[in-house]
Amino acid sequence: MVRPKIAEGRTGKTVGKTLCEVLTAILALCLSYLLITFVLSSILGVHLPQIIYNPGPRHVGLSNPSYKGQGGQEVRPEQIQKILDAHPYDRRYERGVFDCSDMSIITARLLQEEYGYDTSVIGHDHYGHAWVYVWVDKNTAWAIEVTAELGFLRDSAGEVVGDQWWDIIFLGRWMDAEAWDLSLTGYKLFYPDDPDEEYQVREWHEVEEGR
């Protein structure tokens with residue numbers, strides 16, 4: 001009667017050990033994935049293949065006073081990203097010479113005139129930064145960070161701003177451009193629930209005329 005108990009005890013230890021090994025392997029795999037994507041995306045700038053994923057657009061406190069609609073066109077972030085990757089800028093970022101305002105004008109115009117999207121250039125006076133909205137309706141949009149950090153293996157006209165998990169898991173990158181630099185306001189800056197008076201929503205030609 002004693003031997004089965006000993007066997008049961010050994011079996012329990014074996015199962016526990018196996019479970020621990022499986023969990024350790026899963027953790028190691030996750031850490032390896034994060035390390036590999038960090039090296040590829042943040043250091044080399046590689047745009048990794050996107051897993052099929054369709055998050056919803058963001059409702060924002062900002063409004064587009066001149067919203068005209070997309071003519072029945074669905075606004076899909078992965079499609080927008082493909083367009084951005086296919087139209088890199090012909091020069092590099094240079095503050096005060098060719099910066100976020102210039103890039104926003106080019107990208108907003110490209111998406112609007114060449115692909116029929118309803119776009120606006122969004123600016124924030126305090127942070128001195130500009131980016132692009134692709135509107136889904138008058139108060140819902142996808143943001144594009146036009147100065148997204150790129151490496152020598154990838155050029156693009158910007159990056160669709162999702163969230164941290166969108167970037168890490170589905171785009172294979174760690175974060176959207178200057179989300180970390182902008183005083184850790186990150187995604188709340190791009191998609192404000194309660195925007196302050198320093199936000200500006202303008203058409204690309206209005207920004208161009210004011211420069």
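**Figure 1. Aromatic cluster of Trp131, Phe190 and Tyr199.** In this predicted model, Trp131, Phe190 and Tyr199 make up one aromatic cluster. Rings of Phe, Tyr and Trp (its six-membered ring) are paired if their centres lie within 6.5 Å; planes under 30 degrees apart are stacked, over 60 edge-to-face, and the rest tilted. Five aromatic pairs are found in a search of the whole structure. Trp131 and Tyr199 form an edge-to-face pair, with 6.2 Å centre to centre and 90° between the planes. Trp131 belongs to strand 3 (residues 129-137) and Tyr199 to strand 6 (residues 199-202), so the pair ties together parts that are 68 residues apart in sequence. Helices (H or I, at least four residues) and strands (E, at least two) are DSSP runs, numbered from the N terminus. Trp131 is buried, at a relative accessible area of 0%, and Tyr199 is buried at 12%. Buried means under 20% relative accessible area, exposed over 50%, and partly exposed in between (1.4 Å probe, protein chains only).

**Figure 2. Stacked pair of Tyr133 and Tyr191.** The rings of Tyr133 and Tyr191 are stacked, at 6.4 Å centre to centre and 15° between the planes. Tyr133 lies in strand 3, whereas Tyr191 lies in the loop between helix 5 (186-190) and strand 6, so this pair ties together parts that are 58 residues apart in sequence. Tyr133 and Tyr191 are both buried.

**Figure 3. Nonpolar surface patch of Leu19, Val22, Leu23 and Ile26.** Together these four residues have about 370 Å² of accessible area (Shrake-Rupley method, 1.4 Å probe; for residues, only the protein chains shown count as cover). Patches consist of residues with over 30% relative accessible area and no salt bridge; nonpolar side chains (Val, Leu, Ile, Met, Phe, Trp, Tyr) are joined within 5 Å and like charges within 9 Å. A salt bridge is a side-chain nitrogen of Lys or Arg within 4 Å of a carboxyl oxygen of Asp or Glu. Val22 is located in helix 1 (residues 2-43) and, at 42% relative accessibility, is partly exposed.

**Figure 4. Elements of the protein.** The protein has six helices and six strands, in the order α-β-α-α-β-β-β-β-α-α-β-α from the N terminus on. Of its 211 residues, 40% are buried.

**Notes.** Residues are numbered from 1 along each chain as its sequence is written, and side-chain values use heavy atoms, without hydrogens and water. Local features need pLDDT of at least 70 and side-chain atom pairs count only at pLDDT 80 or more, while totals for chains, interfaces and linings use all residues.
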